[in-house]
Amino acid sequence: MATKVLVPLLGEGVEEVTVIKWLKKEGDSVKELEPLLEVNTDKVDTEIPAPASGTVLKIMAEEGVPAKVGAVLAFIGKAGETVESGGVESVSASKVELQVEGQKSVQEPATLDVRPSTKQDLGFISPVVAKIAAEHGVNLQNVAGTGLNGRITKNDVLSFVESGKSKVESRISQPATFQPSNLEPGTFIKHSPIRRSIAEHMVMSKHTSPHVLTVMEADMGRVAKHRSANKEIFARDGVNLTFTAYFMTAIVAGLKSYPLVNSSWSDEGVLVHKAVNLGMATSLGEDGLIVPVIKNADNLSLLAMARSVNDLANRARTKKLQTDEVKGGTFTLTNHGISGSLFAFPVINQPQCGILGVGAMQKRVVVIDDAIAIRPMVYLSFVFDHRILDGASADNFLMKVKETLENWA
């Protein structure tokens, strides 16, 4: 009896997905829970595993074409079997939805994959492996896989951690390591679903609200000292303490002091949000960027904030985010300094009131108490919706962020 592969429900409010790539073709054999295809929704790329073992009898959905939730993507059955030859068992791929902390517990996929793991392509990374790597601040590019065809297993990551090898910070706080493609002149690049979604959202944002930029400079000396003193302590709890966690915590302080910044505009009035849900723009290399959201960030300690940053950044890069994890943000941080940029004019992530850009940290000569000193300095670029905030209220918020960083204890 052939089995239907259906479009799973990937999040609340998600009605359709776009098929990005089939990892198997008709006639190929597939094992249960082995990645079968990649889909995209709300800029989140997700692998859909096979709900049964067998042969891919027929593919119903074309690459680049939207498919509604519940629609048939393919049929899996015995070799030589035809879809019309008998009954069809309906098994939704939603039975293998990933387990997400804070959401309902559902079955985790197995970690089988047939693609080799290389420095350029890690292949399939299971949620368990991604979670362990995030908790211990491990860059999976540095881990040698011993699984089938080089796949990285849970034991590979644990052995790497136990070996005491140096950890590296997640890409959100380090210069990007991907290399641009060697494009030939005259090349036509078809828009990916992520690139198209980014383009539409950015154009809509610029047409929606009047963007205004204000910039301040912050002395990161105290933060750098605190990080150096606590990095090893945090590491014992499996957390990589990055500067991003400090910026996010400082934003929380600013939003608590000036709640109007944590708001959204509507024709009827301004909605000041109860929850502080912080988005952090995360580079996906040539695939664009995505903004995972840390929910209720105002209730998190620095340790919990750093753990959330690690987890979301790692799962963003390994395409393991859930659709709900990129929704509901009330304010966004973009760390454009990872590529050396000093300051920028970020685009507001609608319908939020503002976005804070963080530039590259550099040691510069500054005057402190009429004396010349060298300090690690960073530019903070705050872009705000001028319908909601005026210059004074925007500067008050940014000054609070600056003071929180400069007076870190």
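Begin by selecting helix α6, residues 302-317, and colour its buried residues: L302, M305, A306, V309, N310, L312, A313, N314, R315 and A316. Buried here means under 20% relative accessible area, exposed means over 50%, and partly exposed lies in between, with a 1.4 Å probe and protein chains only. Helices (H or I, at least four residues) and strands (E, at least two) are DSSP runs, numbered from the N terminus. An α-helix has 3.6 residues a turn, so residues three or four places apart point the same way.

This is a predicted model, in which local features need pLDDT of at least 70 and side-chain atom pairs count only at pLDDT 80 or more, while totals for chains, interfaces and linings use all residues. Residues are numbered from 1 along each chain as its sequence is written, and side-chain values use heavy atoms, with hydrogens and water left out.

Stay with α6 and check its length. Its 16 residues reach 23 Å from the first C-alpha to the last, close to the 22 Å expected at 1.5 Å a residue; the expected span is 1.5 Å times one less than the number of residues. Step just past the end of α6 and click K319, which takes a positive phi of about 60°.

**The α5 and α7 crossing**

Next, select α5 (residues 243-257) together with α7 (residues 391-406). Their axes come within 8 Å and cross at roughly 135°. The axes are lines fitted to C-alpha atoms, for helices over the stretch in contact, and angles run from 0 to 180 degrees between N-to-C directions. α5 and α7 are therefore oblique to each other: angles under 35 degrees count as roughly parallel, over 145 as roughly antiparallel, 65 to 115 as roughly perpendicular and the rest as oblique. The crossing of this pair is right-handed, meaning that the near helix is turned clockwise from the far one by less than a right angle.

Show side chains to see who meets whom. From α5 come Y246, F247, A250, I251, A253, G254, L255 and S257, and they meet F397, K400, V401, T404 and L405 of α7. Contact means heavy atoms within 4.5 Å. How many of the 15 residues of α5 are buried? The count is 13, so α5 is mostly covered. The end C-alpha atoms of α5 are 22 Å apart, which agrees with the 21 Å its 15 residues should span at 1.5 Å a residue.

**An open sheet**

Now switch to a cartoon view and find the four strands that form an open sheet in the order β5-β4-β2-β7, with antiparallel pairing. At the edges stand β5 (44-49) and β7 (66-68), each with a single partner strand, so one side of each has no neighbour in the sheet. Neighbouring strands here are turned by 40° against each other on average, direction ignored. Two strands pair if DSSP finds at least two bridges between them.

Zoom in on β2 (residues 16-22), which pairs with β7 over three bridges. Click V17 and look across to A67, its bridge partner in β7. Then pick T18, also in β2. Is T18 buried or exposed? At 17% relative accessibility, T18 counts as buried. Beyond residues up to four places away in sequence, T18 touches E38, V39, N40, G64, V65, P66 and P193.

**I194 and its neighbours**

Move to helix α3 (residues 193-208) and select I194. I194 is buried, with a relative accessible area of 5%. Leaving aside neighbours within four places in sequence, the contacts of I194 are N40, K43, D45, L284, D287 and L289.

Go to β1 (residues 2-6), where four of the five residues are buried, so β1 is largely enclosed by the rest of the structure. Four bridges join β1 to the antiparallel β8 (residues 72-77), and L6 stands opposite V72. From β8, follow the four antiparallel bridges to β6, where T55 has G77 of β8 as its bridge partner. β6 (residues 54-59) also pairs with β3 (residues 29-30), antiparallel over two bridges, with V30 opposite G54.

**Zooming out**

Finally, show the whole protein chain, with its seven helices and 19 strands. Of its 409 residues, 48% count as buried.
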